[in-house]
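User: I would like to go through this model with you, beginning with the chain as a whole and then moving to helix packing. Could you start once it is displayed?

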Amino acid sequence: MGRICVLSDELASQVAAGEVVERPASIVKELCENSLDAGARRISVEFAQGGSRLISVQDDGCGMDAADAALCIERHATSKLRNAHGLSTVRTMGFRGEALPSMASVSRFRLVTRPPEAEAGTEVIVTGGRLESVRDAGAPPGTLVEIRDLFFNIPARRKFLRGEETEAARILHTIHGTALSAFSTGMECRRDGRVLFQLPPAQSLGVRLNDLFGREFLDRLQPLPAFEGEGFEVSGFLARPGAGRRDRHQQWVILNGRPIMCPEASQALREAYAGALPAGQHPMAVLQIEMDPTLVDCNVHPAKRVVRFARPEAVRRGIYDAAQGILRSVVSAAAPSQPMPPEEPRPQSQPPPKIFPRTTPPPAEPILPGIPKGASSDPLPDHPSEGTADSSFHILGRLGAHLFLFEGPEGLVILDTRGARERIAFERLLRGIESGQAPIQRLLLPEVVELPVREYAWILDHREALAEAGFLIEPFGASTLKIEGVPALGSGLPPASLLHTVAASMRDAGRLPRGHGLREVLARSVCGAALGPPPALTPDEAERLLRNLLACELPYAAPGGQPTLIQFSFAELDRKFGRFN
Ligand code: ADP
Ligand code: MG
């Protein structure tokens, strides 16, 4: 007997189910995409026990007639693709005709559907891939799909599900992605019988973000006006300096209306925010990319979550440039007075947003107008450069040891003199390193130090980079170095301990980047070691510091990512004082 046999349809569906129906979140994603493809104006999602007991998605879309309802659970039944030519240009979300049969093969599946114009609807019931019944049923226009007891017939797969909380968090991340990409569709979500949110159709992504996560979340983001990359356009919202999160779950990339995982974007954001967020934090981001569909292959992943760009480097570059643009022009948001949202959206005790008459959010408030960005080619003028920010900011006074208050055109601005001083010194040193002119203090008497073997080896390995910052070092025996010069930052630290501290902090930074990245790490380490305690400033000095800060390339964050300026806008202060207008 031959060994090869054709898989039964049931088995083939279960195999395909392994790809499309990885876990509850992927089911939610497929069902929501089907609803959007069906032109839904409202989608209601419900799940119970992390989706393993129940997932249900109800829409008011075009529905299916009885014949299509019976057909849609057959493998490769799709209304969206007729021939291979269509593959490269398809704009609907689904096109493989695999999702519904896959789900139906690994759950207790129920579909109820009715086209708006039809008299009656159709109910289809499938249990573990076996068709139980197709019959007429009363139904509202649109489609309801219910998936119960996921993987009940494949215990091995069921075991792979993570804990209820983990699966629920993934479902929510997915639903958030859908809610953001399809902001003009009303969305409702219930978990274990409890309403998590009810979102009215929104006119813009900003309104949807406000409805979904609240005003304080939006306040920490900056709108990104449409940015022209090579062969695509990106817009959306990006974190302001300092507005990061420990986890990466608040980054969404929406490509041609479809949420995707986008390593190119994550990498670009990581690089762009390297100096604008504390280590280990990720910027919040919602990026909408519009791209000619022939420049991207969406068919490389069964669930279409990962895509392949024809020019990934251009995408990375474009997003990096867009993020840099934001970081150079935007002041840090005041930190939220409450913890930021939540894997889980607003608690139920808060009424869902549609109850409020919605005001159009003015998301553009944080830009400080009139500040000449990088206006001078020397980023660190020691003298006030002409026509700079001084006219826009009035100093109000000192607050505590290191903060100064200013009145700016948009509200109260608080300057942290520590971060400002670090940013200015950092850019000055970086500039020096890059032009080969970092100021060096030559030692009258070279200092000879003996070092632990590993540190000795590390320093010699990085001797060239260290020399760019001003460390003149010669080997002087087995584990002994001669130091002939150090960076001239006026720290007064003994040369050997300065070298030791810089080397230790660079080694802490982990795997070192090359080129510009390496110079940044170097400059950050040297500044960290050499700056010494911050001096107390007079108001005049604080004003001068602010001017020098605003002439920097990235004025709004210290090199370690802490904000240097925080603004409380008049609008925000009015809100806090209960003055709505
Ligand atoms: P695909 O989305 O790749 O076409 P699916 O298995 O997800 O495959 O769906 C199969 C077909 O069933 C779709 O092409 C569509 O015609 C129909 N369908 C699925 N969900 C809905 C829905 N919510 N409303 C209307 N039609 C639907
Ligand atoms: Mg589909």
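User: What share of the residues in the protein chain is buried?
Analyst: Of the 581 residues in the protein chain, 50% are buried, where buried means under 20% relative accessible area, exposed over 50%, and partly exposed in between (1.4 Å probe, protein chains only). This is a predicted model, in which local features need pLDDT of at least 70 and side-chain atom pairs count only at pLDDT 80 or more, while totals for chains, interfaces and linings use all residues. Residues are numbered from 1 along each chain as its sequence is written, chains are lettered from A and ligands numbered from 1 in the order in which they are written, and side-chain values use heavy atoms, with hydrogens and water left out.

User: How many helices and strands are there?
Analyst: The protein chain has 17 helices and 25 strands. These are DSSP runs numbered from the N terminus (helices H or I, at least four residues; strands E, at least two).

User: And what percentage of the contacts comes from residues 24 or more positions apart?
Analyst: Such pairs supply 70% of the contacts with a separation of 6 or more in the protein chain; contact means heavy atoms within 4.5 Å.

User: On to the helices. At what angle do helix 2 and helix 6 pack?
Analyst: Helix 2 (residues 24-37) and helix 6 (residues 164-181) pack at about 25°, and their axes are 8 Å apart. Axes are lines fitted to C-alpha atoms, for helices over the stretch in contact, and angles run from 0 to 180 degrees between N-to-C directions. Helix 2 is therefore roughly parallel to helix 6, given that angles under 35 degrees count as roughly parallel, over 145 as roughly antiparallel, 65 to 115 as roughly perpendicular and the rest as oblique.

User: Which residues make that contact?
Analyst: Helix 2 contributes Pro24, Ala25, Val28, Lys29, Cys32 and Leu36, and helix 6 contributes Glu167, Arg170, Ile171, Thr174, Ile175 and Thr178. By class, the contact of helix 2 with helix 6 has 7 nonpolar, 2 polar and 3 charged residues. Here Ala, Val, Leu, Ile, Met, Phe, Trp, Tyr, Cys and Pro count as nonpolar, Asp, Glu, Lys and Arg as charged, and the others, Gly among them, as polar.

User: How do helix 12 and helix 14 cross?
Analyst: Helix 12 (residues 453-461) and helix 14 (residues 495-508) cross at roughly 85°, and their axes come within 11 Å. Helix 12 is thus roughly perpendicular to helix 14. The contact involves Arg454, Glu455, Trp458 and Ile459 of helix 12, together with Leu499, His500, Ala503, Met506 and Arg507 of helix 14.

User: What about helix 14 and helix 15? At what angle do their axes cross?
Analyst: The axes of helix 14 and helix 15 (residues 515-530) cross at roughly 135° and come within 9 Å, so the two helices are oblique to each other. The residues in contact include Val502 and Met506 of helix 14 and Leu522 and Val526 of helix 15. This contact comprises 9 nonpolar, 3 polar and no charged residues.

User: Changing topic: is Thr113 buried or exposed?
Analyst: Thr113, in strand 3 (residues 108-114), counts as buried because its relative accessibility is 0%. The side chains of Thr113 and Thr143 are joined by a polar contact of 2.9 Å. A polar contact is a pair of N or O atoms within 3.5 Å; within protein, one must be able to donate a hydrogen and the other to accept it, and residues adjacent in sequence count only if both atoms are side-chain atoms.

User: Finally, where is Arg431 found?
Analyst: Arg431 is found in helix 11 (residues 417-434) and is partly exposed, with a relative accessible area of 39%. The C-alpha atoms of Arg431 and Glu520 are separated by 9.9 Å, although these residues are 89 residues apart along the chain.
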